[in-house]
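Thanks for making time for this one.

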Amino acid sequence: MAMSIALLPIAAHADWQAVETTKTYAITGTSGRELYDSIGERGPLLGPKVRAIAHTDFKLTWTRKYEPQPDGACTITVNIPKLIITYTLPKPSAQLPASTRKSWQKFIAGVEAHERVHGGFIKDMVKEIEAMSVGFSVPDDPKCSKIRVELTKRLGEISNKERQKNSEFDKVEFSDGGNLQQLVLKLVREE
């Protein structure tokens, strides 16, 4: 029996995995109210004055190869992402009483699940970028300069869609009766 192995071009499909890390920031208090107040004082800044409960950030770099084609076009022949997602979550600095610990565990599990949805949006964005740019080609670009401008424009559109998705998700989660609003209320009431 003969076996043959076909080598597919790298651009056709590159397996990659996002690297996901979690870091914490210390908060103080032994009641749900004190913990939430400490989050308000120490949470990650999302602007000069706005603090968040938690935050999802990412670093995305690419290994790309732009190749001039015989017909004068330029094509991306290698396109491999490296994605690092970092979740920043609060962590009590002291041992919590049993009743507070139980409500804290529910709260932080819900907050982490929320942040991981943001992480999923980021991974989806990278997959969309990968899909649109694998084999992406621009005609009449023998020096591969036009392709970079066109790619940047398209990446901006994809990035804006991802930001909009995150914004809409947060709006629902923090709305009256929304998941995060309920998590905060249950923590403060120690339910």
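Let me begin with a question: in which loop is the place of Cys-144? Cys-144 sits in the loop between E4 and H3, and please keep in mind throughout that what we are looking at is a predicted model.

Asp-140, however, counts as exposed, because its relative accessibility is 56% and the cut-off for exposed is over 50%.

Now to the helices, starting with H1, which spans residues 32-42 and in which Gly-32, Leu-35, Ser-38 and Ile-39 are buried. Viewed down the axis of H1, these buried residues fall within an arc of 125 degrees, so they line one face of the helix. If you ask what lies over them, the cover includes strand E1 (19-27), strand E3 (74-92), helix H2 (98-133) and helix H4 (179-189).

Two of the helix pairs can be described in some detail. In general, a pair of packed helices is described by the angle between their axes and the distance between the axes.

For H1 and H4, the axes come within 6 Å and cross at roughly 130 degrees, and the two helices are therefore oblique to each other. On the H1 side the contact is made by Gly-32, Arg-33 and Tyr-36, and on the H4 side by Val-184, Leu-187 and Val-188. By class, the residues of this contact of H1 with H4 divide into four nonpolar, one polar and one charged.

For H2 and H4, the axes come within 9 Å and cross at roughly 160 degrees, which means that H2 is roughly antiparallel to H4. The crossing of H2 and H4 is left-handed. Here Ser-103, Trp-104, Lys-106, Phe-107, Gly-110, Val-111 and His-114 in H2 meet Leu-180, Leu-183, Val-184, Lys-186 and Leu-187 in H4, and the residues of this contact divide into seven nonpolar, three polar and two charged.

Notes
Residues numbered from 1 in each chain as written. Predicted model: local features only at pLDDT ≥ 70, side-chain atom pairs only at ≥ 80, totals over all residues. Heavy atoms only, no water. Buried < 20%, exposed > 50% of the residue type's maximum accessible area, 1.4 Å probe, protein only. Helix = DSSP H or I, 4+ residues; strand = E, 2+ residues; numbered from the N terminus. Arc of directions from axis to C-beta. Contact = heavy atoms within 4.5 Å. Axes fitted to C-alpha atoms, helices over the stretch in contact; angles between N-to-C directions. Parallel < 35°, antiparallel > 145°, perpendicular 65-115°, else oblique. Left-handed = near helix turned anticlockwise from the far one by under 90°. Nonpolar A, V, L, I, M, F, W, Y, C, P; charged D, E, K, R; others polar.
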